[in-house]
Amino acid sequence: MKFQLLRAIVAIAALRIACAQEGPTCESSCGNVSITFPFGSGPGCYYSSDFLVTCNRSSEPPIPFFGRTTSNLVISNMSTGKSEVEVMMFVARNCYNSSGFDLSQSYGSSLTLRDFRISAKNKFVAIGCDTQAFFSGPARGNETSDGSGCISTCARDSLIANVSCSGFGCCELAVPQEMKSFDITVTSYKKPRSNITDFNPCSFAFFVEEGKFNFSTTNLRDFGSVRRMPMLLDWAIGDSPCDVAREDTNNFLCKGNSECDQSYAGPGYRCLCNEGYEGNPYIADNCTNINECERGTHDCEHNCVDTQGSYECRCREGYSGDGTKDGTGCTQDESKLIKIVIGK
């Protein structure tokens, strides 16, 4: 009886995954963000609660939230090929006015994740002339809480270069691998705070995707209007690596023309379309053949013939060789050349 019940539970789980992958009622987009399995916005449309996307259609355009709207974490982009989600994360700040500390304009920033991680493609950035910023949170292994920080300083007459986070007006740090939560604090390190509030009333700290923030001296005065910055999250399926997950054939998510990514060393597993294919590897039959001949991504000298997952190079009649530009190419057959010379 217990065995029959277990089989029924497994069958229901497999059916839910199949429905999520193929369900016609699942929303495919929210605003300008595409939603595709393992993510989803309705019952049966997502792999697990960690992949829920809530679409707020009362806004114009609609806004996709990571998880439920109560998280207030907006999704700006997502990729199944790279196993990444870009979210708009809050900026921590510490502000002063002529009377001193401005509590109404000062707050921290924090985030706690389960099956997702803060991508190492992000940078931790702090802005200000009297700024001490720090982040803490458990990283790989979850045994202890890791943390780091930086100090940014400058004076009214400082010569600060734009697009440079060197510690003068702006500092930055690399993000550790596999960090799944953080708490950012930003404070003034001088007591009392130096007289800079007229041109730098606030200090700021945030995580941001590398390449999506360039420091400018105008940030010292005007960054207060920025509430969120784009930050990347990494994701994977479950907790088991490829070899273990593949044994559970009913729930293994790498579908046709795809493979489990053996280069991924984090928790869980990821799927990739096979070379020569593209699409969503988590949906059955969605990894489809790439026609390199039509796209012009081949290296054929004469004729390109598309095949499943690849292509072939062929020489024109009267020529022979491997047909590739980087190989032997196509050379005219000697017997054919002789016939042309003697006029036959």
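Figure 1. Pro-61 sits in the loop between β3 and β4 (63-66), and a cis peptide bond with omega of about 0° ties Glu-60 to Pro-61. This is a predicted model, so to speak of local features we ask for pLDDT of at least 70, side-chain atom pairs count only at pLDDT 80 or more, and totals for chains, interfaces and linings use all residues. Residues are numbered from 1 along each chain as its sequence is written, and side-chain values use heavy atoms, with hydrogens and water left out. Pro-38 is in the loop between β2 (33-34) and β3 (53-56). A cis peptide bond links Phe-37 to Pro-38 too, with omega of about 15°. Strands here are DSSP runs of E with at least two residues, and helices are runs of H or I with at least four, numbered from the N terminus.

Figure 2. Ser-83 has phi near 55°, a positive value in a residue other than glycine. You'll find Ser-83 in the loop between β5 (74-79) and β6. Ser-83 counts as buried because its relative accessibility is 2%; the cut-offs are under 20% relative accessible area for buried, over 50% for exposed, and partly exposed in between, with a 1.4 Å probe and protein chains only. Glu-178 has phi near 65°, again a positive value in a residue other than glycine. The loop between β14 (170-174) and β15 holds Glu-178, and with 13% relative accessibility Glu-178 is buried.

**Figure 3. The largest pocket.** How much volume does the largest pocket have? It comes to about 340 Å³. A pocket here is an open set of points on a 1 Å grid over the protein atoms alone, where a 1.4 Å probe fits and protein lies on both sides within 12 Å along at least five of seven lines; lining residues have an atom within 4 Å of a point. Grid points are joined across faces, edges and corners, and the volume is the space filled by probe spheres set on the points. The largest pocket has 24 lining residues, and Arg-117, Glu-178, Asp-234, Tyr-264 and Arg-270 are the ones nearest its centre. At least two lining residues come from each of β10 (116-118) and β17 (228-235). By class, the lining of the largest pocket has eleven charged, seven nonpolar and six polar residues; Ala, Val, Leu, Ile, Met, Phe, Trp, Tyr, Cys and Pro count as nonpolar, Asp, Glu, Lys and Arg as charged, and the others, Gly among them, as polar. The largest pocket lies between domain 2 (89-156 + 163-231) and domain 3 (242-289), because both give residues to its lining. Those domain bounds come from an automatic or database domain assignment.

**Figure 4. The second largest pocket.** This one holds about 270 Å³ of space. Its lining has 15 residues, with Asp-50, Phe-66, Gly-67, Thr-112 and Leu-113 closest to the centre of the second largest pocket. β6 (84-90) and β9 (109-112) are the elements that give two or more residues to that lining. Sorted by class, the lining of the second largest pocket has eight nonpolar, four polar and three charged residues. Domain 1 (29-82) and domain 2 (89-156 + 163-231) both contribute to the lining, so the second largest pocket lies between them.

Figure 5. Thr-187 is part of strand β15 (residues 181-187), while Asn-94 belongs to strand β7 (residues 92-97). Is Asn-94 buried or exposed? Asn-94 is buried, at 5% relative accessibility, whereas Thr-187 is partly exposed, with a relative accessible area of 34%. Leaving aside neighbours within four places in sequence, Thr-187 is in contact (heavy atoms within 4.5 Å) with Asn-94, Asp-130, Thr-131 and Gln-132. Not counting residues up to four places away in sequence, Asn-94 touches several residues, including Phe-101, Ser-106, Thr-187, Pro-201 and Cys-202. Asn-94 and Cys-202 are 108 residues apart in sequence, with their C-alpha atoms 5.5 Å apart.

Figure 6. An unreviewed UniProt entry lists residues 289-325 as "domain: EGF-like"; UniProt positions are in the numbering used here, feature names are shortened, and annotations may be inferred rather than shown by experiment. Residues 289-325 are 11% helix and 35% strand, with end C-alpha atoms 23 Å apart. The protein has five helices and 25 strands, and 42% of its 344 residues are buried.
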